[in-house]
Amino acid sequence: MKATGVVRRIDDLGRVVIPKEIRKTLRIKEGDPLEIFTDKEGEVILKKYSPIGELSEFATTYAETIAKTTGHITCITDKDSVIAVSGGAKKEFLEKGLSKELEEVMENKEIFKSKENNEIAIPVTQNEGRERIYNSQVIYPIISDGDSIGSVILISKEPNTKMGEAEDKVAQSAASFLGNHLEI
């Protein structure tokens, strides 16, 4: 564990302020859920909680089914990273941090559909760069209890490939199913 040199006191209600620098580095925003653990040495560990991350095995199987059905690369994300990928190079996407553009699409609960040969494509991961690497793309946010908690993304890198109504409905159904599955 990395020492930060920052000391905070617990107030009379048992609260501790996480320093701004640490929140920024770990991309923790107001309202984000945190898991609290203790270990044998008496350390208290805070970890960002991802409801979709809890379903990573299920999400992987679901992504594989969607990729086989559609023939497109399928990614399922939580708010911070790609948790499942099928139909493409896993090391290109899996467990990579999300691009700011994708985070913005999810935060705004937007649906994104690129058209064939449209110059606009949303980078999925942080380090993709700005060159257009997807020919066609569909992104649906996963909404649970009114909050965006991730996304379902269908991608094609093949030239002259269009995402049609079928792909749109598959991504929409998957996002809706995952969101409903996670509601408490």
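This is a predicted model: local features need pLDDT of at least 70, side-chain atom pairs count only at pLDDT 80 or more; totals for chains, interfaces and linings use all residues.

Reader: Okay, so over how many bridges do β6 and β7 pair?

Author: In general, strands of a sheet pair through backbone hydrogen bonds, either parallel or antiparallel. Here, β6 (residues 136–144) and β7 (residues 147–156) pair over 9 bridges, in the antiparallel sense. To find your place, look for Ile 143, which stands opposite Ser 148 in β7.

Reader: And what is the order of the strands in the sheet?

Author: The order is β4-β3-β7-β6-β5, an open sheet of 5 strands with antiparallel pairing. At the edges sit β4 (82–86) and β5 (112–113), each pairing on one side only.

Reader: Which strands does helix α5 lie across?

Author: Helix α5 (residues 165–182) lies across β3, β5, β6 and β7, and runs at about 20° to β6. Helix α4 (residues 100–107) lies across β3, β6 and β7, at about 125° to β7.

Reader: How do I describe two helices that pack?

Author: Two packed helices are described by the angle between their axes and the distance between the axes. Take α2 (residues 56–70) and α5: the angle is about 165°, and the axes are 11 Å apart. An angle over 145 degrees counts as roughly antiparallel, so α2 is roughly antiparallel to α5.

Reader: Which residues of α2 make the contact?

Author: Phe 58, Tyr 62, Ile 66 and Thr 70 do, meeting α5 residues that include Val 170 and Phe 177. The contact residues divide into 7 nonpolar, 2 polar and no charged.

Conventions: Residues are numbered from 1 along each chain as its sequence is written. Side-chain values use heavy atoms; hydrogens and water are left out. Two strands pair if DSSP finds at least two bridges between them. Helices (H or I, at least four residues) and strands (E, at least two) are DSSP runs, numbered from the N terminus. Contact means heavy atoms within 4.5 Å. Axes are lines fitted to C-alpha atoms, for helices over the stretch in contact, and angles run from 0 to 180 degrees between N-to-C directions. Angles under 35 degrees count as roughly parallel, over 145 as roughly antiparallel, 65 to 115 as roughly perpendicular and the rest as oblique. Ala, Val, Leu, Ile, Met, Phe, Trp, Tyr, Cys and Pro count as nonpolar, Asp, Glu, Lys and Arg as charged, and the others, Gly among them, as polar.
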